[in-house]
Amino acid sequence: MLFSCFAGAFFLGKDNRIVRILQAGLFVSLINIITITALHMMKGGFGSWFDYGTAISFAFISGFFAAVLTLGLMPFFETGFGILSRTKLIELSSPNHPLLRKILLEAPGTYHHSVMVANLADSACEAIGAHGLLARVGAYYHDIGKTRRPHFFIENQMKIDNPHNKISPQLSKTIIILIHMMVRKCLRSTKCQKK
């Protein structure tokens, strides 16, 4: 058990992609088979071939089941312990996510801007070896507050007059700050999070 646990942890590292988890399961199976063979040899022989074959079969199946159980239980651990996995990030980056759809429908200019920022953030992270998908998802949502009053932001002012031209600069600044404050307050409330 000790060798299989170390083998799985060593092979998987911090990478939790589905393919990598399945590969780790096969690697654990291989280590289990080697360990069982070494233990049988240390006992002075294999004993009966049936016992050895059974032990090897269970050694192989245990690595496979470990990978399957990991994949099956991962959503429960993510939810229960607040773990942010690659799967959750991909789910958050889907254009069908309600918040991204809201940005797309209510503030299309902001959505395009967010996609461009996400591409830049991902490229920058790739260049320095950081977590590109996390930066990409953060960039998608960084301007969610602009959906409160999208026409007050230049990227959403298509074929309309800029409302800031008709008001004082101080009032313009106050409106933008209030929009951001309302969004922060809303994001902290449970009612908004359910939406």
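**Stop 1: the salt bridges**

How many salt bridges does the count come to? The count comes to two, where a salt bridge is a side-chain nitrogen of Lys or Arg within 4 Å of a carboxyl oxygen of Asp or Glu. Side chains of opposite charge can pair when their charged atoms come close.

Before you click on, a word about what is on your screen: this is a predicted model, where local features need pLDDT of at least 70 and side-chain atom pairs count only at pLDDT 80 or more, while totals for chains, interfaces and linings use all residues. Residues are numbered from 1 along each chain as its sequence is written, and side-chain values use heavy atoms, with hydrogens and water left out.

Select Lys 88 and Glu 91. Their side chains meet in a salt bridge, 3.5 Å from N to O. Glu 91 and Lys 88 are three residues apart in helix α4 (residues 86-92), so about one helical turn separates them. Helices here are DSSP runs of H or I with at least four residues, strands are runs of E with at least two, and both are numbered from the N terminus. Are these two buried or exposed? Glu 91 is partly exposed at 47% relative accessibility, and Lys 88 is partly exposed as well, at 30%. (Buried means under 20% relative accessible area, exposed over 50%, and partly exposed in between, using a 1.4 Å probe and protein chains only.)

Now select Asp 122 and Arg 136. These residues form a salt bridge whose closest N and O atoms are 3.0 Å apart. Asp 122 lies in helix α6 and Arg 136 in helix α7, so the pair ties together parts that are 14 residues apart in sequence. Arg 136 counts as buried, at 17% relative accessibility.

**Stop 2: along helix α6**

The expected span is 1.5 Å times one less than the number of residues.

Which residues of α6 are buried? Color Gly 109, Thr 110, Tyr 111, Ser 114, Ala 118 and Cys 125 to see them. What covers them includes α5 (98-106) and α7 (132-141). Just after α6, look for Gly 129, which takes a positive phi of about 80°.

**Stop 3: where α5 meets α6**

Show α5 and α6 together. Their axes come within 5 Å and cross at roughly 125°. The axes are lines fitted to C-alpha atoms, for helices over the stretch in contact, with angles running from 0 to 180 degrees between N-to-C directions. The two helices are therefore oblique to each other; angles under 35 degrees count as roughly parallel, over 145 as roughly antiparallel, 65 to 115 as roughly perpendicular and the rest as oblique.

To see the contact (heavy atoms within 4.5 Å), select Leu 100, Ile 103, Leu 104, Leu 105 and Glu 106 of α5, then Pro 108, Thr 110 and Tyr 111 of α6. By class, this contact has six nonpolar, one polar and one charged residues. Here Ala, Val, Leu, Ile, Met, Phe, Trp, Tyr, Cys and Pro count as nonpolar, Asp, Glu, Lys and Arg as charged, and the others, Gly among them, as polar.

**Stop 4**

Next, find Gly 132 in helix α7. Gly 132 is buried, with a relative accessible area of 11%. What does Gly 132 touch, not counting residues up to four places away in sequence? Its partners are Asp 122 and Cys 125.

Then jump to Ser 93, in the loop between α4 and α5. Ser 93 is buried too, at 18%. Leaving out residues up to four places away in sequence, Ser 93 touches Leu 100, Val 137 and Tyr 140.

**Stop 5**

Select residues 18-42 for α2, which has 25 residues and reaches 36 Å from its first C-alpha to its last. Its buried residues include Ile 21, Ala 24 and Gly 25. Gly 44 follows α2, with a positive phi near 100°.

Thr 70 is partly exposed, at 37%.

**Last stop: the whole protein**

Zoom out. The protein has nine helices and zero strands, and 29% of its 195 residues count as buried.
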